[in-house]
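Here is a short briefing on one protein chain. Look at the sequence and the model first, then go through the points below.

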Amino acid sequence: MTTAAPQPTIDFAKAGGLVPGIVQDAATGQMLMLGFLNEESYRRTLESGFVTFFSRTRNKLWMKGETSGNRLKIVSVRTDCDFDTLLFQVEVEGDGLVCHEGTVSCFTKEIELGK
């Protein structure tokens, strides 16, 4: 009989109760979005298998894709070495447009570097 490694304890206290959650397409590696999780949204995420964030502007939980159908089904979840950031590798359900602007990724605005 093998014993599973203990679940890491995520450090929600460090940033005032929230941790960043980076969302990456499991198949392509493309970064899709960044959101924030509190302890409750993290618990719901692990229980449901779909990423649930905490909206800082609306001050409430929201499951990504609950209205659009573009839910983020978790393939794997990892934490960083400081236990204060999460990385979700996901399969996107629906039409695959994760961003509210109708694009696959929220990271579409290029910034030019100074020369």
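Strand E1 (residues 19–25) is joined to E2 by 6 bridges, and the two run antiparallel. The model is predicted.

- E1 and E2 make a hairpin, with 5 residues between the strands.
- Gly29 sits in that turn and has a positive phi of about 85 degrees.
- E1 also pairs with E6, in the parallel sense, over 5 bridges.
- Gln24 stands opposite Gln89 in E6.
- How much of E1 is covered? Most of the strand: 5 of its 7 residues are buried.

**The sheet**
- The sheet is open and has 4 strands, in the order E2-E1-E6-E5.
- Its pairing is mixed: E1 runs antiparallel to E2, while E1 and E6 pair in the parallel sense.
- E2 and E5 are the edge strands, and each pairs on one side only.
- On average, neighbouring strands of this sheet are turned by 25 degrees against each other, direction ignored.
- H1 packs on the sheet and touches E2, E5 and E6.
- The direction of H1 makes about 125 degrees with that of E2.
- As background, strands of a sheet pair through backbone hydrogen bonds, either parallel or antiparallel.

**Helix H1**
- H1 spans residues 39–48, and Ser41, Tyr42 and Thr45 are buried in it.
- Why do they lie on the same side of H1? They cover an arc of only 105 degrees around the axis, which puts them on the same side of the helix.
- Glu39 and Glu47 are on the other side of H1, and they are exposed.
- What do the buried residues of H1 pack against? Their partners are strands E2 (31–37), E3 (52–55), E4 (60–63), E5 (72–79) and E6 (86–92).
- At the start of H1, Asn38 brings a side-chain oxygen to within 3.2 Å of the backbone nitrogen of Glu40.
- Just after H1 comes Gly49, with a positive phi of about 85 degrees.

**Positive phi outside glycine**
- Asn59 is not a glycine, yet its phi is positive, about 55 degrees.
- Asn59 lies in the loop between E3 and E4.
- Is Asn59 buried or exposed? Its relative accessibility is 58%, so Asn59 counts as exposed; the cut-off for exposed is over 50%.
- Phe83 is another residue other than glycine with a positive phi, near 60 degrees.
- The loop between E5 and E6 holds Phe83.
- Phe83 counts as partly exposed because its relative accessibility is 35%. That value falls between the limits for buried, under 20%, and exposed, over 50%.

Methods
Residues numbered from 1 in each chain as written. Predicted model: local features only at pLDDT ≥ 70, side-chain atom pairs only at ≥ 80, totals over all residues. Heavy atoms only, no water. Buried < 20%, exposed > 50% of the residue type's maximum accessible area, 1.4 Å probe, protein only. Arc of directions from axis to C-beta. Contact = heavy atoms within 4.5 Å. Polar contact = N/O pair within 3.5 Å; in protein donor to acceptor, adjacent residues only side chain to side chain. Pairing = 2+ DSSP bridges. Axes fitted to C-alpha atoms, helices over the stretch in contact; angles between N-to-C directions.
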